[in-house]
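This report describes a helix, a strand pair and an aromatic contact. The sequence and structure are shown first.

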Amino acid sequence: MTAPRMKALVVRPPKRNDVDVGDILAIARAEGKRLFKTRENIQVIDLISRPYGWVAVIQFGCSQDAGCKRGNK
């Protein structure tokens with residue numbers, strides 16, 4: 001089993017009044033896919049609100065000893 005890869009990134013929400021946490025999660029997942037250069041699912045481990053935006057900790061890969069849903073990766 002390979003260890004999961006984790007990174008942190010800053011998400012600055014668009015200048016709208018109707019932005020919610022679901023939008024921030026979607027942006028973090030999309031940017032994580034681009035950052036890790038994959039089409040697999042990206043897990044958002046933590047979201048931290050800051051005055052300059054949101055800090056998202058993202059993970060790619062399996063974190064379980066038994067493997068992922070699609071088998072051991």
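## Helix α1

Which residues of α1 are buried? The buried residues (under 20% relative accessible area, 1.4 Å probe, protein chains only) are Ile-24, Ala-28, Gly-32 and Phe-36. They cover an arc of only 85° around the axis, so they lie on the same side of α1; the arc is taken from the directions between the helix axis and the C-beta atoms. The cover over these residues includes β1 (5-11), β2 and β3, contact meaning heavy atoms within 4.5 Å. Helices (H or I, at least four residues) and strands (E, at least two) are DSSP runs, numbered from the N terminus.

The 16 residues of α1 should span 22 Å at 1.5 Å a residue, which agrees with end C-alpha atoms 22 Å apart; the expected span is 1.5 Å times one less than the number of residues. Lys-37, with a positive phi near 55°, follows α1.

## Basis of the model

The model is predicted: local features need pLDDT of at least 70, side-chain atom pairs count only at pLDDT 80 or more, and totals for chains, interfaces and linings use all residues. Residues are numbered from 1 along each chain as its sequence is written, and side-chain values use heavy atoms, without hydrogens and water.

## Strands and aromatic pair

Strands β2 (residues 43-50) and β3 (residues 53-60) run antiparallel and are joined by seven bridges; pairing requires at least two DSSP bridges. A hairpin of two residues connects β2 to β3.

The structure holds one aromatic pair. Phe-36 and Phe-60 are stacked, at 5.6 Å centre to centre and 25° between the planes (ring centres within 6.5 Å; planes under 30 degrees apart are stacked, over 60 edge-to-face, the rest tilted). Because Phe-36 lies in α1 and Phe-60 in β3, the pair ties together parts 24 residues apart in sequence.

Terms used: Rings of Phe, Tyr and Trp (its six-membered ring) pair if their centres lie within 6.5 Å; planes under 30 degrees apart count as stacked, over 60 as edge-to-face and the rest as tilted. Buried means under 20% relative accessible area, exposed over 50%, partly exposed in between (1.4 Å probe, protein chains only).
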